[in-house]
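User: Hi! I would like to learn how to read salt bridges in a protein model. Could you walk me through it?

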Amino acid sequence: MAWDVFSFIGTFAFAISGAIIAMEEEYDLFGVYILGVVTAFGGGALRNLLIGMPSTALWEQGFLFQVAIASITVIFLFPNNLLLHWERWGTYFDAVGLSAFAIQGAMFAVQLELPLSAVIVAALLTGAGGGIIRDLLAGRRPLVFKREIYAVWAAGGGLLIGLGIFKGDLALYLLLVLITSLRILSLIFHWKLPFRTIVKK
């Protein structure tokens with residue numbers, strides 16, 4: 001049950017995220033659908049390639065493709081005055097998508113009995129991969145490479161699942177809320193990882 005819920009939430013949130021970014025960049029209707037779908041399924045595709053799953057597994061998700069298409073259609077038809085609030089609300093959709101797909105990716109790796117390192121990477125790629133592809137296609141610097149803490153929360157979720165700290169549907173739903181909250185808090189309070197700047201003489 002939890003697997004299906006996280007798949008639905010992640011697909012819905014990232015499809016909308018990709019569609020909004022495409023509209024901000026003034027893509028045509030076809031481009032909006034393409035970027036929305038790529039954002040929703042890009043992370044899972046990267047994860048499958050890494051762990052040796054057949055690429056055809058992507059095309060077995062018929063219902064989720066319908067969810068993505070429906071979500072993109074709805075957001076494309078939204079009144080413009082509501083879309084102007086994307087900068088505030090869009091980050092929430094992205095945070096939810098990051099959390100849901102990170103948990104789903106970690107669950108997938110655990111089911112395959114992969115080592116802890118693979119569980120963490122699967123969570124990271126599934127959670128952040130679609131967003132990376134989205135930003136690159138839109139000509140933007142990916143969120144994962146900005147100073148605000150982003151992908152670390154996905155990797156942390158994978159670590160907790162891989163260690164068996166969060167098990168069962170209720171615990172995983174609580175983890176979804178935790179990762180989403182931490183991502184949003186990192187934006188509100190500008191939490192950053194250490195970085196270093198090279199000063200040119």
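Analyst: Happy to! A salt bridge is a side-chain nitrogen of Lys or Arg within 4 Å of a carboxyl oxygen of Asp or Glu. The general idea is that side chains of opposite charge can pair when their charged atoms come close. This is a predicted model, where local features need pLDDT of at least 70 and side-chain atom pairs count only at pLDDT 80 or more, while totals for chains, interfaces and linings use all residues. Residues are numbered from 1 along each chain as its sequence is written, and side-chain values use heavy atoms, with hydrogens and water left out.

User: How many salt bridges does that rule give?

Analyst: The count is 4. One of them joins Arg140 and Glu24, at 2.6 Å from N to O. Arg140 sits in the loop between α6 (116-137) and α7 (151-162), and Glu24 in helix α1 (residues 2-24), 116 residues apart. Helices here are DSSP runs (H or I, at least four residues), numbered from the N terminus.

User: Which residues are linked in a network of salt bridges?

Analyst: Glu24, Glu25 and Arg140 form that network. Glu25 pairs with Arg140 at 2.9 Å, N to O. Glu25 lies in the loop between α1 and α2 (29-51), so this pair ties together parts 115 residues apart in sequence.

User: Are Arg134 and Asp135 buried or exposed?

Analyst: Both are buried, meaning under 20% relative accessible area; exposed is over 50%, and partly exposed lies in between (1.4 Å probe, protein chains only). Their side chains meet in a salt bridge of 2.9 Å, N to O. Arg140, in turn, is partly exposed at 28% relative accessibility, and Glu24 is partly exposed at 40%.

Note on methods. Helices (H or I, at least four residues) and strands (E, at least two) are DSSP runs, numbered from the N terminus.
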